[in-house]
Structures are given as structure tokens and as C-alpha cells.
Amino acid sequence: MDIIGRGFLAQNLRQVADRHPDTVVLAAGVSWAAGTSAADFARESALLHEAARRCRADGRRLLFFSTAASGMYGAVRGPGREDHTVLPCTPYGAHKLALEEQLRASGADHLVLRLGHLVGPRQPPHQLVPTLVRQMRQGRVRLHRGAARDLIDVQDVVTILDRLLGLDLHAQTVNVASGEAVPVARIVDHLEQRLGLVAEREYRDVGVHHVISIDKLRRLVPEVEQLGFDRNYFRRVLDAYVASEIAVTDA
């Protein structure tokens, strides 16, 4: 595969890059769920337009990463499914949905993956888990009351993506997440235990508790059963993250 981008996800995808030569992966653009920058949104739209134009010209498939986070599915009743109408509830969610529609209208062969919250070594500091860890080390963590997030290890995302690309899917949208909505307060509880910290908790507005459906993913990739997506999965993901951060600190 040809990978556009050099960030966290792009670096992790390089381990399977030689397996899918007919796919172009757009792993660049806005990765901050709280982002509202019109300039950043416009740059990602232009990048997608050019990538789709090139794929349409040479007959290759374009893989685009969207979001399955609360910005996309937070206003949906019941689990967020790929085939249901959604009403994004943040500028970031609206932006990603608009890009999905832009890609479908481009005429390029494509696959859209809506991702949960990725976790892994050396991920950008503005993403969820690094932000929580940084705030906890500063002594105060800011939470939205009742908010929940679906965490997934970036290595599991790579495994799933590799399987999906091997199925030769076209013009499809697939949620890639664990299917478990974990209250952010429980995420903080576990991080406190693993890091040996106790942070003051500052609660702000009421947050969003939403569930990402992975029924379609399970049908397409039965191997996800081997990844251990259960109620304790998030703890194993956080344990691996903390261990990697300790290893980097000790190096």
C-alpha cells in the first residue's frame, strides 16, 4: 500500500504496507476529536480530493479513516451502526461525515473505516489517553460527567485493517472499535492504579455515553473474537500503554 502521512497511525501501518499494493491509505489530516479549525478541515478535504483523483485515474482503492467516536454517533439512539443515518454532534464529527460523502461522490474506489479511540506507544499528546495521563501527573484531570469512550489498541487496528483489505471490499464503511463503551471515570481509575497517582477530578458538562456497533466487523472478520474484545479489554490496552511509556522513560 501507499501510505499518505507520517503520523502515529501511518507509522504503525508500515508493517503491513507491502501486503496491499493496490491500496492507497490516507493516514493524514485532522486527528483531534475536539478540533474545530476550519483551515485544518479545508486542508484535509483538499488532501482527500487529490488522493481520490489519483486513485480514480489509476484504478486503485483509497482507504479513508473516519471516526466512530461521540462526534459521529453520540446523538444516535442505541449502538452506532454504519448503515443507520447519523447526526454528528461536534464539528469534528460533521467534518468527517462530510469527507465520507465527498469520497463517495468522487467516483474513486474506496473503503471507509470509522475508528474508535486508538491507544499505543508514542501517540500524539492531544489524544485521549496521553491527555488524561498528562493531566493526572499535573494533579488534576478534567472529565465530562457520564462520558464513555471505546478504546482500541493500534496494533489490533492494524491486524483488523490487514484482514479487511484482504477481503477486497469496495465502497463500504466499517466500524473498527472494541464495541465496549467504557466510562472515562473508569479509565482514570485504572490509570491511577497503574501509575500510582491520585488526581483531583474536575467535572465539567455532562458527557456522551454511546456504544459503537461492531456487528458488521465481526461478520467480516471473525478473527476479532481472538482479540479479546470484552469488558476488561480496555484494562489490557491501558496496561500495555503504561508499560510502553515506562519503557520510554527508562530508556
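**View 1. Helices H5 and H7 pack against each other.** Helix H5 (residues 128–137) meets helix H7 (residues 184–195) at an angle of about 60 degrees, and their axes lie 11 Å apart. This is a predicted model: local features need pLDDT of at least 70, side-chain atom pairs count only at pLDDT 80 or more, and totals for chains, interfaces and linings use all residues. Residues are numbered from 1 along each chain as its sequence is written, and side-chain values use heavy atoms, with hydrogens and water left out. Helices (H or I, at least four residues) and strands (E, at least two) are DSSP runs, numbered from the N terminus. Axes are lines fitted to C-alpha atoms, for helices over the stretch in contact, and angles run from 0 to 180 degrees between N-to-C directions. H5 and H7 are therefore oblique to each other. Angles under 35 degrees count as roughly parallel, over 145 as roughly antiparallel, 65 to 115 as roughly perpendicular and the rest as oblique. On the H5 side, the contact is made by Leu132, Val133, Met136 and Arg137. H7 brings Val184, Ile187, Val188, Leu191, Glu192 and Leu195. Contact means heavy atoms within 4.5 Å. The residues of this contact of H5 with H7 are eight nonpolar, no polar and two charged. Here Ala, Val, Leu, Ile, Met, Phe, Trp, Tyr, Cys and Pro count as nonpolar, Asp, Glu, Lys and Arg as charged, and the others, Gly among them, as polar.

**View 2. Helix H5 is largely enclosed.** Seven of the 10 residues of H5 are buried, so the rest of the structure largely encloses this helix. Buried means under 20% relative accessible area, exposed over 50%, and partly exposed in between (1.4 Å probe, protein chains only). The buried residues of H5 are Val129, Pro130, Thr131, Leu132, Val133, Gln135 and Met136. Just after H5 comes Gly139, with a positive phi of about 100 degrees.

**View 3. Five strands form an open sheet.** The strand order is S1-S2-S3-S4-S9, and the pairing is parallel. Two strands pair if DSSP finds at least two bridges between them. Strand S1 (2–4) and strand S9 (172–176) are the edge strands, each pairing on one side only. From one strand to the next, the twist averages 20 degrees. Strand S2 (residues 23–26) and strand S3 (residues 61–67) are joined by four bridges. In this part of the sheet, Val25 stands opposite Leu63 in S3. Helix H2 (residues 38–58) lies across S1, S2 and S3, running at about 155 degrees to S3.

**View 4. Strand S4 is covered on both faces.** All six of the six residues of strand S4 (residues 110–115) are buried. His110, Val112 and Arg114 are on one side, with Leu111, Leu113 and Leu115 on the other. S4 pairs with S3 in the parallel sense over six bridges. Arg114 in S4 is the bridge partner of Ser66. Five bridges join S4 to S9, again running parallel. Leu113 stands opposite Val174 in S9.

**View 5. Leu62 sits in strand S3.** Leu62 is buried, with a relative accessible area of 0%. Leaving out residues up to four places away in sequence, Leu62 touches Val24, Leu26, Leu48, Ala51, Ala52, Cys55, Leu103, Asp109, His110 and Leu111.

**View 6. The loop between helix H6 (154–166) and S9 holds Asp168.** Phi of Asp168 is positive, near 60 degrees, in a residue other than glycine. Ala171 is found in the loop between H6 and S9. Ala171 also has a positive phi, of about 55 degrees, although it is not a glycine. Ala171 is exposed, with a relative accessible area of 55%.

**View 7. Helix H2 packs with helix H4 (residues 91–106).** Their angle is about 20 degrees, and the axes of H2 and H4 are 10 Å apart. That makes H2 roughly parallel to H4. The crossing of H2 and H4 is right-handed. H2 makes the contact through Phe41, Glu44, Ser45, Leu48, His49, Ala52 and Arg56. H4 uses Pro91, Tyr92, His95, Lys96, Leu99, Gln102, Leu103 and Ser106. The residues of this contact of H2 with H4 divide into seven nonpolar, five polar and three charged.

Terms used:
A crossing is left-handed if the near helix is turned anticlockwise from the far one by less than a right angle, and right-handed if clockwise.
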